[in-house]
Amino acid sequence: MPVPGIGMLKRLAASLVQRVPLVKAVLRFGVARWGKPGVAAVIVHDRKVLLFKHVFWTAARWGLPGGGVETGEDPATAIVREVREECGFDVDIVRRLYASPSGNSTYFICAVPGLREHRPPPRLSFEILAAEWFPPDALPGGLLAVHRRVIQDVFARGQGS
């Protein structure tokens, strides 16, 4: 059951993150110290990609679903867990794309089994403000640059079906 006013609280938190320098600095410091390897999913369906508008991101607002890999966790297991936690979709990994040159991020192409139309996820976690499906030629402003490059690469190679 949705919590009344949660959307308003998310928007307020997102506004603080973007507008209050001290909040931005604390989040950046915390993320830098977090230092876990990360994973991200390019979830594609019918030539569109699912993107999230993140509450706590400071450099960009829109990005791919994903998160941190726990100690001892396989990146493939981590991306399935992260997507489920963030939006409630259970995804299948279509293929591992690649790891970043630093080895800190691993990207996967994923699909939602049984998805017949571009419907919103069943739920959004506290850290996600919005979720939308975008065609590769109409990606939103404020999309994390590296995620834009990964998405463009997926569709340029014909893997975004």
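**Strand S6 and its neighbours**

Hi everyone, let's start with a pairing: strand S5 (residues 92-99) and S6 run antiparallel and are joined by six bridges. Strands here are DSSP runs of E with at least two residues, helices are runs of H or I with at least four, both numbered from the N terminus, and two strands pair if DSSP finds at least two bridges between them.

Before going on, this is a predicted model, where local features need pLDDT of at least 70, side-chain atom pairs count only at pLDDT 80 or more, and totals for chains, interfaces and linings use all residues. Residues are numbered from 1 along each chain as its sequence is written, and side-chain values use heavy atoms, leaving out hydrogens and water.

Back to the hairpin: five residues lie between S5 and S6, and Gly103 in the turn has a positive phi of about 80°. Arg96 has Phe108 in S6 as its bridge partner. Five of the seven residues of S6 (105-111) are buried, meaning under 20% relative accessible area with a 1.4 Å probe, protein chains only; exposed is over 50%, and partly exposed is in between.

Now, what about confidence? pLDDT, the predictor's confidence in each residue, runs from 0 to 100. The chain averages 82, and among its elements helix H2 (residues 21-34) has the lowest mean, 45, while helix H3 (residues 75-87) has the highest, 96.

Finally, Glu82 is in H3, and it counts as buried because its relative accessibility is 8%. Thanks, all!
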